[in-house]
Amino acid sequence: MASSSKSAQSRREAQREAIRQQRQAELRRQRTVRNVVIAVVTVAALVLLAGAGYLIYRSLQPEGPVATPEGVAEDQGYLTLGAPADSGKPVLEIHLDFMCPHCGTFEEINSADVQTIVDNEEATVQIVPRRILDRSSTSGDFSTRAANALVCVYEDDPANTMEFQAAMFADQPTQGTAGLSNEEIWAHAQAAGASESVQSCIDNRTYQGWVRGPVDAYAQEKTTGTPYVEIAGEEFQDWATPGALREAVLAAGGGAAPSDGGGASDAGQG
């Protein structure tokens, strides 16, 4: 009986030792898993921090020499259409952002009248392409890319500017999306009559520095929002009334609006 009791005790001790060893092995496994997870999380955090640091570094770097479109002074923050600047005609200034939904509304109501004002040289039209809503695109740069493209089209041939602008607003992306791709923007430019050279201008962001430099500096002295409209140096706010914009331009130039309300009946068709 004594040997049988010792044998049972030995088995129990062996079982306890086996359980102890299993427990230690499990603890070692858990420590290993924990260390691996910590290492992976640490590496991922370092990668994210490095990426954010690089983006901040790039954002703080100067963009290099600023290219300006032909016929535009280095410190000029707008594109000019319609009557020559020295013609004595009133100045119609329009600030637009291609991601701005209210700018889309402005375009729908007034594009035909603005085109008529340009074609008839009823005013010197100054287009200020803004990039305020870059932050509203997931790409973070749609407004800048679209503004740059407008300048590319203008530099290639100013006569295509308004048609391209109308096409871009007709295909306006929703805030919170990436916006149109460069290929989609180029398709609108090409349809408006732009030459092949405009595609590389869009892809290379040739006038991004001008949009972010002289245009921002000029526009921020006047407004922080879009659309913004001035006629002869005075802010014009009744742009949502069809025909009112051209009527005000003609009045500022000493003329009278045509009896049919100008191009108002065609608003949104341009």
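## Buried or exposed?

A residue is called buried when its relative accessible area is under 20%, exposed when that area is over 50%, and partly exposed in between. With that cut-off, W239 counts as buried because its relative accessibility is 15%. Keep in mind that what you're looking at is a predicted model.

How much of the chain is buried? Buried residues make up 39% of the 270 residues.

## The overall layout

Let's walk along the chain. It has eight helices and five strands. Starting at the N terminus, the elements come in the order α-β-β-α-β-α-α-α-α-α-β-β-α.

Now for how the chain meets itself. Take the contacts with a separation of 6 or more: 76% of them are between residues 24 or more positions apart. Here's a case of two residues set apart in sequence: N120 and G82 are 38 residues apart along the chain, and their C-alpha atoms are separated by 7.3 Å.

In soluble globular proteins, nonpolar side chains tend to be buried together. In this model, the largest nonpolar core has 55 residues, and L92, V125 and F164 are the ones with the most contacts inside it. Which helix gives the most to this core? That's helix α3 (residues 142-156), with nine residues.

Leaving aside residues up to four places away in sequence, F164 touches A149, L150, V153, I185, H188, A189 and A192.

## Helix α4 under cover

Helix α4 (residues 161-170) is mostly covered, with seven of its 10 residues buried. What does the covering?

## A buried threonine

Helix α3 also holds T144. T144 counts as buried because its relative accessible area is 0%, under the 20% cut-off. What does T144 touch? Its contacts are R131, D134, Q208 and R212, again not counting residues up to four places away in sequence.

## An aromatic pair

A pair of aromatic rings is described by the distance of the centres and the angle of the planes. The structure holds three aromatic pairs. In one of them, the rings of F106 and W239 have their centres 5.6 Å apart and their planes at 65 degrees, so this pair is edge-to-face. The angle settles the label, because planes over 60 degrees apart count as edge-to-face.

Where do the two partners sit? F106 is in helix α2 (residues 101-119), while W239 is in the loop between β5 (234-235) and α8 (244-252). They are 133 residues apart, and the pair links distant parts of the chain. F106 is buried too, with a relative accessible area of 1%.

## A nonpolar patch outside

V33, V37 and V41 form a nonpolar patch on the surface, with about 240 Å² of accessible area together. V41 belongs to helix α1 (residues 2-60), and V41 is exposed because its relative accessible area is 51%. An α-helix has 3.6 residues a turn, so residues three or four places apart point the same way.

Most residues other than glycine have a negative phi, and most peptide bonds are trans. E121 lies in the loop between α2 and β3 and is partly exposed, at 39% relative accessible area. N120 is in the loop between α2 and β3 as well, and N120 counts as partly exposed at 46%.

A232 has a positive phi too, near 55 degrees. You'll find A232 in the loop between β4 and β5, partly exposed at 48% relative accessibility.

Finally, a peptide bond to look at: the one from T226 to P227 is cis, with omega near -5 degrees. P227 is in the loop between α7 (208-220) and β4 (228-231).

Note on methods: Residues numbered from 1 in each chain as written. Predicted model: local features only at pLDDT ≥ 70, side-chain atom pairs only at ≥ 80, totals over all residues. Heavy atoms only, no water. Phe/Tyr/Trp six-rings, centres within 6.5 Å; stacked < 30°, edge-to-face > 60°. Helix = DSSP H or I, 4+ residues; strand = E, 2+ residues; numbered from the N terminus. Buried < 20%, exposed > 50% of the residue type's maximum accessible area, 1.4 Å probe, protein only. Patch = residues over 30% accessible without salt bridge, like charges linked within 9 Å, V, L, I, M, F, W, Y side chains within 5 Å. Areas by Shrake-Rupley, 256 points an atom, 1.4 Å probe, with all protein chains shown as cover. Salt bridge = Lys/Arg side-chain N within 4 Å of Asp/Glu carboxyl O. Core = buried A, V, L, I, M, F, W, Y, C linked by side-chain atoms within 4.5 Å. Contact = heavy atoms within 4.5 Å.
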